[in-house]
Amino acid sequence: MGDASTTVATEHAVELRHVYKRYTTRKARRGAPRVVDALHDVSLSVAQGEFVSIVGPSGCGKSTLLKVLLGLTRRTAGEVAFSGTGDHQHRLGMVFQQPLLLPWRTVTRNLLVSQDINHRLPPAEANERAAGMLKMLGLEEFADRYPAELSGGMQQRVGIGRALMHDPQILLMDEPFGALDAMTRDQMGMDLLRIWERDRKTVLFVTHSIPESVLLSDRVVVMTPRPGRIADVIDVDLPRPRGLENINTPEFGEIVRRIRTLLNSENSAH
Ligand SMILES: Nc1ncnc2c1ncn2[C@@H]1O[C@H](COP(=O)(O)OP(=O)(O)OP(=O)(O)O)[C@@H](O)[C@H]1O
């Protein structure tokens with residue numbers, strides 16, 4: 001196993017090599033520590049511009065995998081490698097299930113929140129980027145509104161825009177549409193595909209929805225819990241561009257079925 005602190009280069013956008021993550025929590029009263037193997041020998045390479053989803057039952061380590069990539073939690077062993085140079089924070093953009101917008105800031109000011117902290121761009125350029133982002137997100141009319149005045153889908157669109165403001169190479173998304181109603185969720189998936197087809201960022205997308213993972217992705221990583229490991233990686237060789245009409249095709253149904261069978265067999269094996 002490699003040194004847990006190593007981050008090396010790779011020609012892939014990102015690569016995990018034999019990554020392990022063990023959480024050890026102490027009980028309040030002198031009991032034995034509780035150990036959870038959240039990631040067990042996880043190896044995965046994601047190509048530049050690839051859209052990869054991660055599916056699996058609750059507790060199989062999906063969020064932990066993203067947190068390890070973000071550097072929010074320290075891996076126990078293994079290597080994480082990114083292409084090129086540049087610092088970690090600028091390389092990655094993160095979208096959470098809740099958009100976590102600042103309620104006292106307008107939509108535009110929410111997009112500019114990290115700019116206001118680190119002043120990376122000249123102000124005129126940052127404002128121009130924010131305006132372009134609003135246009136891409138279809139939110140131009142809402143530039144000066146506050147989050148409470150937006151629907152859940154619009155708020156999450158702002159969350160995605162905020163993650164893209166610093167032009168990250170890799171977008172990490174943790175159940176980004178999980179809090180939305182089914183119709184908005186479908187629409188957001190399509191919006192995300194449109195954005196991705198324009199920019200071709202590398203995307204790592206965690207979801208509980210198998211159809212969503214198939215509709216959006218080039219590959220679907222299927223994880224199983226206790227310990228959290230990759231059961232298989234399924235290629236989604238459906239033509240692009242894709243739309244919601246793909247869901248009704250036999251090829252789509254077949255891939256969904258394959259993933260579901262895999263998850264069921266892994267679940268019953270535990
Ligand atoms: N900070 C922590 N301390 C201790 N255990 C943790 C911690 N974070 C996660 N775990 C445990 O690690 C395992 C994996 O958790 P993780 O949140 O990565 O799973 P997940 O697949 O994202 O779950 P969900 O789909 O419910 O969000 C779980 O058993 C969880 O209880």
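The shell around the ligand in this predicted model divides into four nonpolar, eight polar and one charged residue. In total, 13 residues surround the ligand. The closest are Y23, S58, K62, S63 and T64. The largest share, three residues, comes from α1.

Two of these elements, β2 and β3, also pair with each other. Their pairing is antiparallel and spans nine bridges. Within it, T24 stands opposite V35 in β3. Strand β2 is also joined to β5 (residues 77–82). Here five bridges are found, and the two strands run antiparallel. L16 stands opposite V80 in β5.

A further set of strands forms an open sheet. Six strands take part, in the order β6-β7-β8-β4-β9-β10. The pairing in this sheet is mixed. β6 (92–95) and β10 (229–235) stand at the edges. Each has a single partner strand, so one side of each is left without a neighbour in the sheet. On average, neighbouring strands of the sheet are turned by 20° against each other, direction ignored.

The bridge partner of V221 is V233, in β10.

Helix α6 (residues 152–164) lies across β6 and β7 (170–174). The helix runs at about 165° to β6.

Helix α6 also meets helix α7 (residues 182–199). Two packed helices are described by the angle between their axes and the distance between the axes. The axes of α6 and α7 come within 10 Å and cross at roughly 25°. Angles under 35 degrees count as roughly parallel, and the two helices are therefore roughly parallel to each other. The crossing of α6 past α7 is right-handed.

Residues from both helices build this contact. From α6 come G152, G153, Q156 and R157. From α7 come T184, Q187, M188 and D191. By class, the contact residues divide into one nonpolar, five polar and two charged.

Methods. Residues are numbered from 1 along each chain as its sequence is written. This is a predicted model: local features need pLDDT of at least 70, side-chain atom pairs count only at pLDDT 80 or more; totals for chains, interfaces and linings use all residues. A residue is near a molecule or strand if its C-beta atom, placed from the backbone, lies within 6 Å of it. Helices (H or I, at least four residues) and strands (E, at least two) are DSSP runs, numbered from the N terminus. Ala, Val, Leu, Ile, Met, Phe, Trp, Tyr, Cys and Pro count as nonpolar, Asp, Glu, Lys and Arg as charged, and the others, Gly among them, as polar. Two strands pair if DSSP finds at least two bridges between them. Axes are lines fitted to C-alpha atoms, for helices over the stretch in contact, and angles run from 0 to 180 degrees between N-to-C directions. Two residues are in contact if their C-beta atoms, placed from the backbone, lie within 7 Å. Angles under 35 degrees count as roughly parallel, over 145 as roughly antiparallel, 65 to 115 as roughly perpendicular and the rest as oblique. A crossing is left-handed if the near helix is turned anticlockwise from the far one by less than a right angle, and right-handed if clockwise.
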